[in-house]
Amino acid sequence: MKDIIHLWDGEKWNGPITDGHLHLDRKGRCLNAALDFESSGGTRLILVHKPNFSKLPENIDHISTAYLDTISIANEVRASTNIQVQVILGPHPVAWSHQIESLGEKRATELHIQSVDLALKYFESGDCVGIGEIGRPHFPVSPEVWVSANNMLRDILKRCSKKNVPVQFHVEDKGSSTYQELSQICSEANYPKSIALRHYAPADVSPSFTSKLPVTVSMGRGSVQKIASTIDVNLLSKGDHPPVLMETDYLDDPKRPGAVLGPRTIAKRTNELGKLLQMPEDEGGKGWKHEEISKFLWKIHHVWPNMLYGECR
């Protein structure tokens, strides 16, 4: 711990930097985006599979080809940089909602579940460390589709619970009620909440708001201030705080450059968070000591990612 407590020097975080949810696309900047992440100080990527929404898969062979491409991209980043890469594979709930229109609900759901089962095989082989994005549409749908989405999510979690595999949720944002519902579905599926992570989470990380589920926070404007004001210091000091990661959800989409957030964002926000935490309380900060900041940032970028996904090989 002696080395860790000096990683925050008062101006800059000199430790690991993890992006908890990022996409890379061969039609986008791909390796160049990864190099941007590395040059900003980034050391670890949780690379999440991105479906081709312009041409959705129609069978499991299409899914297999797409998964293998994501795995191949991860290998190329490892070979060309010093970044540690861990892969998340899975079908996207938005793809399912669109495929209901083209394939019908029965076939779309069958393909979705097959895609999860295939991703679980890659988890067993060590090619991925979790399943995602799974969840439900983040936009209004019919009551019938909403019920089907929740039933399917429950089925997916039952499958994942048998392998004790981490998941990343893609869900709507309805405040604490979203977390409460996710927690309830996890309970019904007998799925461990300690590895049930909500991606694109709002920056309120208080366990009362998140129902004690792990989160990876979208690090847009205002996120640093909200994290600093909602982190439970007592739970943090006891080592009982649910994991909190940072993410960009970088889409690597040439039509939307920089969306959702650019690959350099996490290093920038980490330094902003450190400076805010050390700022005296009478100046609007939290008055933390350097050692406390170092331990907290070490958890965000090393301890908690390891808890969720294991150490990088």
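Rings of Phe, Tyr and Trp, the last taken by its six-membered ring, form a pair if their centres lie within 6.5 Å, and a pair whose planes are over 60 degrees apart counts as edge-to-face. By this rule, the count in this structure comes to four aromatic pairs. The model is a predicted one.

**Aromatic pairs and clusters**

- The ring centres of Tyr179 and Phe209 are 5.5 Å apart and the ring planes stand at 65°, so this pair is edge-to-face.
- Tyr179 belongs to helix H6 (residues 176-189) and Phe209 to helix H7 (residues 207-210), so their pairing ties together parts that are 30 residues apart in sequence.
- Tyr179 counts as buried because its relative accessibility is 0%.
- Phe209 also counts as buried, because its relative accessibility is 18% and the cut-off for burial is under 20%.
- The rings of Phe296 and Trp304 have centres 6.4 Å apart and planes at 80°, so this pair is edge-to-face as well.
- Phe296 and Trp304 are both buried, and together with Trp288 they form one aromatic cluster.

**Charges over rings**

- The charged end of Arg198 is placed over the ring of Tyr179, at 4.8 Å from the ring centre.
- Lys174 lies over the face of Trp146, and its distance from the ring centre is 5.7 Å.

**The nonpolar core**

- In soluble globular proteins, nonpolar side chains tend to be buried together.
- The largest nonpolar core of this model has 92 residues.
- The core residues that touch the most other members are Leu24, Leu157, Val167, Phe169, Tyr191, Leu273 and Phe296.
- Apart from neighbours within four places in sequence, Leu273 is in contact with Val224, Ile227, Ala228, Met246, Phe296, Leu297 and Ile300.

**Helix H1**

- Helix H1 spans residues 31-39, and its residues Ala33, Ala34, Asp36 and Phe37 are buried.
- These four residues lie on the same side of H1, because they cover an arc of only 155° around the axis.
- An α-helix has 3.6 residues a turn, so residues three or four places apart point the same way.
- The cover over the buried residues of H1 includes strand E1 (18-22), strand E2 (44-48) and helix H2 (60-80).
- After H1 comes Gly41, which has a positive phi, near 115°.

**Helix H8**

- Helix H8 comprises residues 223-230, and its buried residues are Ser223, Val224, Ile227, Ala228 and Thr230.
- Elements that cover these buried residues of H8 include strand E7 (215-218), helix H10 (265-278) and helix H11 (290-309).

**Strand E8 and Leu245**

- Strand E8 covers residues 244-247 and contains Leu245.
- Val244 and Met246 point one way from E8, whereas Leu245 and Glu247 point the other way, and all of them are buried.
- In a regular strand the side chains alternate between the two faces of the sheet.
- Strands E7 and E8 run parallel and are joined by four bridges.
- Thr216 stands opposite Leu245 of E8.
- Leu245 counts as buried because its relative accessibility is 1%.
- Among the residues that Leu245 touches, leaving out those up to four places away in sequence, are Gly20, Val217, Ile300, Trp304 and Tyr309.
- Leu245 and Thr270 are 25 residues apart along the chain, and their C-alpha atoms are separated by 11 Å.

**Other single residues**

- Ser183 is placed in helix H6 and counts as buried, because its relative accessibility is 11%.
- Beyond residues up to four places away in sequence, Ser183 touches Lys193, Ser211 and Leu213.
- Asn271 is found in helix H10 and is buried, with a relative accessible area of 19%.
- Asn271 touches Trp8, Glu11, Lys12 and Trp13, when residues up to four places away in sequence are not counted.
- Val147 lies in helix H5 (residues 143-163) and is partly exposed, with a relative accessible area of 46%.
- The C-alpha atoms of Val147 and Gly284 are 45 Å apart in space, and the two residues are 137 residues apart in sequence.

Terms used:
Residues are numbered from 1 along each chain as its sequence is written. This is a predicted model: local features need pLDDT of at least 70, side-chain atom pairs count only at pLDDT 80 or more; totals for chains, interfaces and linings use all residues. Side-chain values use heavy atoms; hydrogens and water are left out. Rings of Phe, Tyr and Trp (its six-membered ring) pair if their centres lie within 6.5 Å; planes under 30 degrees apart count as stacked, over 60 as edge-to-face and the rest as tilted. Helices (H or I, at least four residues) and strands (E, at least two) are DSSP runs, numbered from the N terminus. Buried means under 20% relative accessible area, exposed over 50%, partly exposed in between (1.4 Å probe, protein chains only). A charge sits over a ring if NZ of Lys or CZ of Arg is within 6 Å of the ring centre and within 35 degrees of the ring normal. The arc is that of the directions from the helix axis to the C-beta atoms. Contact means heavy atoms within 4.5 Å. A nonpolar core is a set of buried Ala, Val, Leu, Ile, Met, Phe, Trp, Tyr and Cys residues joined through side-chain atoms within 4.5 Å. Two strands pair if DSSP finds at least two bridges between them.
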